[in-house]
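Trainee: Hi, I'm new to this one. Could you walk me through it?
Mentor: Happy to, let's take a look together.

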Amino acid sequence: MSGDMREALRKAGLAGEPLQPAKTQTRGTDNTGRAGSRGAPPAQPSRSQTAAAQFTLGENYTAQADQVIQELKRSLRDYQRFTTSKIRNILAMVSEIYNDVITEQDDLLSPELQSRIEYLKVRLVYECGREPYVVKPFVTKAGLLDLLNNIGGSRENFKKFSRYMEALVAYHRYYGGQDK
């Protein structure tokens, strides 16, 4: 692993912890690989298990996106630094995968597409490390890593995730997200 990636993982709070695939998670770790979910006893469910029960995408994904952006605007001190281009960079990665997902006819994603989704998680973690005061709160509040971990091989779940990302970008722009 390169020094830049190691530094990004450290800034994102993931330094020293191995990243494990979602299927092999053990109790006491969340899906970002952080042991003990910030000191929580291993007997408790992981943060992603809790998030999976609380933060799922349904028919109201636009309302969820609206709520996330409004909360960020209220709570994020550096909201003005959270430019539309930063969020659109994430959307661009999602859109590249989405274009290939919609051409497949199978309900299950191919191993190649599942691998690209795994890489998307790595890129999100890297961006969180690069911009810990701007991108990381967005990724966390929007539940992006948890949602990606819950896609599994489901084509429909990825399509919902992609639409949710589009809604996040739209609401960010609607509430005054700056372009830079």
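Trainee: Great. What should I know before we start?
Mentor: This is a predicted model, where local features need pLDDT of at least 70, side-chain atom pairs count only at pLDDT 80 or more, and totals for chains, interfaces and linings use all residues. Residues are numbered from 1 along each chain as its sequence is written, and side-chain values use heavy atoms, with hydrogens and water left out.

Trainee: Okay! How many helices and strands does the protein have?
Mentor: There are nine helices and zero strands. Both are DSSP runs numbered from the N terminus, helices being H or I with at least four residues and strands E with at least two. Along the sequence the pattern reads α-α-α-α-α-α-α-α-α.

Trainee: And how much of the protein is buried?
Mentor: Of its 180 residues, 41% count as buried. Buried means under 20% relative accessible area, exposed means over 50%, and partly exposed is in between, with a 1.4 Å probe and protein chains only.

Trainee: Which share of contacts joins residues at least 24 apart?
Mentor: Among contacts between residues at least 6 apart in sequence, 63% join residues at least 24 apart. Contact here means heavy atoms within 4.5 Å.

Trainee: Let's do helix pairs. How do the axes of α5 and α9 cross?
Mentor: Helix α5 (residues 84–101) and helix α9 (residues 155–174) have axes that come within 10 Å and cross at roughly 155 degrees. That makes α5 roughly antiparallel to α9. The axes are lines fitted to C-alpha atoms, for helices over the stretch in contact, and angles run from 0 to 180 degrees between N-to-C directions. Angles under 35 degrees count as roughly parallel, over 145 as roughly antiparallel, 65 to 115 as roughly perpendicular and the rest as oblique.

Trainee: Is that crossing of α5 and α9 left-handed or right-handed?
Mentor: The crossing of α5 and α9 is left-handed. The word applies if the near helix is turned anticlockwise from the far one by less than a right angle, and right-handed applies if clockwise.

Trainee: Which residues of α5 and α9 meet?
Mentor: On the α5 side they include I87, L91 and V94, and on the α9 side F158, M165 and L168 are among them. By class, the contact of α5 with α9 has twelve nonpolar, three polar and six charged residues. Ala, Val, Leu, Ile, Met, Phe, Trp, Tyr, Cys and Pro count as nonpolar, Asp, Glu, Lys and Arg as charged, and the others, Gly among them, as polar.

Trainee: And where do α5 and α6 stand?
Mentor: The axes of α5 and helix α6 (residues 111–130) come within 11 Å and cross at roughly 175 degrees, so α5 and α6 are roughly antiparallel to each other. Contact residues include I90, M93 and I97 of α5 and L113, I117 and L120 of α6. This contact of α5 with α6 has nine nonpolar, no polar and four charged residues.

Trainee: At what angle do α4 and α9 pack?
Mentor: About 45 degrees, with the axes of α4 and α9 8 Å apart. That makes α4 oblique to α9. The crossing of α4 and α9 is right-handed. Among the residues making the contact are A65, V68 and I69 of α4 and A167, L168 and Y171 of α9.

Trainee: You named I69. Is I69 buried or exposed?
Mentor: I69 counts as buried because its relative accessibility is 0%. I69 sits in helix α4 (residues 61–75). Not counting residues up to four places away in sequence, I69 touches Y79, F138, L168, Y171, H172 and Y175.

Trainee: Where does Y79 lie?
Mentor: Y79 is in the loop between α4 and α5. At 5% relative accessibility, Y79 counts as buried. Leaving aside neighbours within four places in sequence, Y79 is in contact with I69, L72, K73 and H172.

Trainee: Last one: why does E71 count as partly exposed?
Mentor: Because E71 has 25% relative accessibility. E71 is found in helix α4 too, and its C-alpha atom is 9.7 Å from that of F138, 67 residues apart along the chain.
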